[in-house]
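Open the model in your viewer and keep the selection tool ready. This tour goes stop by stop, from one selection to the next.

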Amino acid sequence: MTNHDDEGDLRAAAGGKIIAVHLNYPSRAAQRGRTPEHPSYFLKPWSSVARSGDTIERPVGAELLAFEGEIAIIIGTAARRVTVEDAWQHVSGVTAANDFGLYDLRTADKGSNLRSKGGDGYTPLGPTVIPADRIDPGGLRVRTWVNGELVQEDTSGTLLFPFAQLIADLSQLTTLEPGDVILTGTPAGSSVVVPGDVVEVEVDAPTAPGAPTSGRLGTTVVEGTVPFGDVGSKPAVDDRQRVEAWGDAELAGVPFDKLRDQNALRDQNALGAQEATSRVVEPLDPAVAEQLAAVSTATLSAKLRARGYTEVFVEGVHASRPGTRMVGVARTLRFVAHRPDLFAERGNGFNAQKRLFDTVESGEVIVIEARGERGTGTVGDVLALRAQQCGAAGVVTDGGIRDAEQVAGFALPTFSQGPHPSVLGRRHVPWEIDVAVTCGGATVLPGDVIVGDGDGVIAIPRALAAEVAAEAVTQEAEDAWIAQQVLKGAAVDGLFPLNAEWRARYESEQGR
């Protein structure tokens, strides 16, 4: 296991902390349905390191051993509080890595990943090191093969968090020492392997002089022979873990509707907000939903105004796609104005925004209070796609939308103040979900009925929805009859609205 220029054994070049990044490739983030604002990490023990040609054991009773081909960077000189500009100077080289993980142990271990990713042989490295001074850190390629078939390919030029940012970030609190290894994330394509499979990972720099390469890092999967004892958690999986491990519901053999129901139950439990068998808001009566889908927000607004409700229109928002209609019940998300300490507390990880987009259900509309701040995005393509996959009825924000063209192409109805490319942390902190919010000047409670069309979006108090819908249907039938009379040449005076004479004629024709 020597480097590309036969300058020594990899174990001499590396041998300290192993720090792994959770999500770093856009393709993998899209697969997971979430894009992190900042990098996050976990540790792997050095005892998990293996050489090219070694075997990896899938334990007795385990089902979901998954590979993750990655670029590993090796620290050459100590780094403490280094800048992004100086970070690469502390790297001695790069090599191939395979961040194996056992999804069967994630139930009790997710977060630390110690047992699920720290087993003996679960971090193959090598076979050779490419010297850092021979390459452009943005010009590396990682590829993975399973039984000779290419299953992963991506480049460091696409990373969410470039190598230098990772080093600078980590070195703020932790001294990176010579020999430390940073596993920099895996692209889409990670999946499950079984005993007998051979996994190979290669890192190269195809555009650098001489096209240096790590060579292929090969690992053969073997079946374990010693069962787990009764001293800790044993292998256990559910359909969600199967899909995450395989990377695809179809490959995992899990129907999407079944997976979505399981995800919702899991997330409700994690939030501790309610019993896992209940919904956050009750679904809308299908008959009422059908009526609301057939009438305009203009008519609904008039019926609410007659009852004294004048501040129910979400001001300033319009549909991403012309012709959009939307009906559903509200799930709410509130942003507060950006503040660094608050964003550090609530902006990262599985924050309020991600929790809502991960738990929204069929027939629900996500309503976002962004304080009318359109100078940043409040939802982008990945989260919008996640909402669509969960069956959401739509998204309304009085802020901006990122990736606007892609979002407009989705089937999911979206209403906003318009496009903006900036990320969430520029102006907002995701604060809380399923509370009263003020979106575009309208107060919206969880469970309120949300209707959108070409005129915009209106929020109907839940208790009034059925009677307002019925009245609106009646009104629009009357308006349609009035329009027919106008087409026949009638003047609007006395006809619109109907005076006693015209109303008698109308009711007569309706058989009343």
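**Stop 1: the largest cavity**

Select Arg32, Gly33, Arg34, Phe350, Lys354, Asp358, Leu383 and Arg386: these residues line the largest cavity. A cavity here is a set of points, on a 1 Å grid over the protein atoms alone, where a 1.4 Å probe fits but cannot get out; lining residues have an atom within 4 Å of a point.

A word on the model before moving on. It is predicted, so local features need pLDDT of at least 70 and side-chain atom pairs count only at pLDDT 80 or more, while totals for chains, interfaces and linings use all residues. Residues are numbered from 1 along each chain as its sequence is written, and side-chain values use heavy atoms, with hydrogens and water left out.

How many cavities of 30 Å³ or more does the structure hold? It holds one. The volume of the largest cavity is about 40 Å³. Volume means the space filled by probe spheres set on the grid points, which are joined across faces, edges and corners. The lining has two nonpolar, one polar and five charged residues. In these classes, Ala, Val, Leu, Ile, Met, Phe, Trp, Tyr, Cys and Pro are nonpolar, Asp, Glu, Lys and Arg are charged, and the others, Gly among them, are polar.

Now colour helix H13 (352-359) and helix H14 (381-389). Each supplies at least two residues of this lining. Helices (H or I, at least four residues) and strands (E, at least two) are DSSP runs, numbered from the N terminus.

**Stop 2: H13 against H14**

Stay with this pair. H13 and H14 pack at an angle of about 35 degrees, and their axes are 7 Å apart. Axes are lines fitted to C-alpha atoms, for helices over the stretch in contact, and angles run from 0 to 180 degrees between N-to-C directions.

Select Gln353, Phe357 and Asp358 in H13; they meet Leu383, Ala384, Arg386 and Ala387 in H14. Contact means heavy atoms within 4.5 Å. By class, this contact of H13 with H14 has four nonpolar, one polar and two charged residues.

**Stop 3: the second largest pocket**

Next, look for an open space. The second largest pocket holds about 360 Å³. Of its 20 lining residues, Thr35, Glu37, Gly380, Arg402 and Val423 are the closest to its centre. A pocket is an open set of points with protein on both sides within 12 Å along at least five of seven lines.

Which helix gives the most to this lining? H14 does, with three residues. H13 and H14 each supply at least two. The lining divides into eight nonpolar, six polar and six charged residues.

**Stop 4: H16 and its partners**

Select helix H16 (residues 465-487) and helix H11 (residues 297-305). They pack at about 120 degrees, with axes 9 Å apart. H11 and H16 are therefore oblique to each other. For angles, under 35 degrees counts as roughly parallel, over 145 as roughly antiparallel, 65 to 115 as roughly perpendicular and the rest as oblique.

Thr299, Leu300, Lys303 and Leu304 in H11 meet Val468, Glu471, Ala472, Gln475 and Glu476 in H16. That contact of H11 with H16 has four nonpolar, two polar and three charged residues.

Switch to helix H10 (residues 286-293). The axes of H10 and H16 come within 9 Å and cross at roughly 40 degrees. That makes H10 oblique to H16. Val288, Gln291 and Leu292 of H10 make the contact with Ala465, Ala466, Ala469, Ala470 and Val473 of H16. By class, the H10 and H16 contact has seven nonpolar, one polar and no charged residues.

**Stop 5: backbone details**

Zoom in on Gly126 and Pro127. The peptide bond between them is cis, with omega near 0 degrees. Pro127 sits in strand E9 (residues 123-131).

Go on to Phe496 and Pro497. The peptide bond from Phe496 to Pro497 is cis, with omega near 0 degrees. Pro497 is in the loop between H16 and helix H17 (500-509).

Finish at Arg81. Its phi is near 55 degrees, a positive value in a residue other than glycine. Arg81 lies in the loop between strand E6 (69-75) and helix H3 (84-87).
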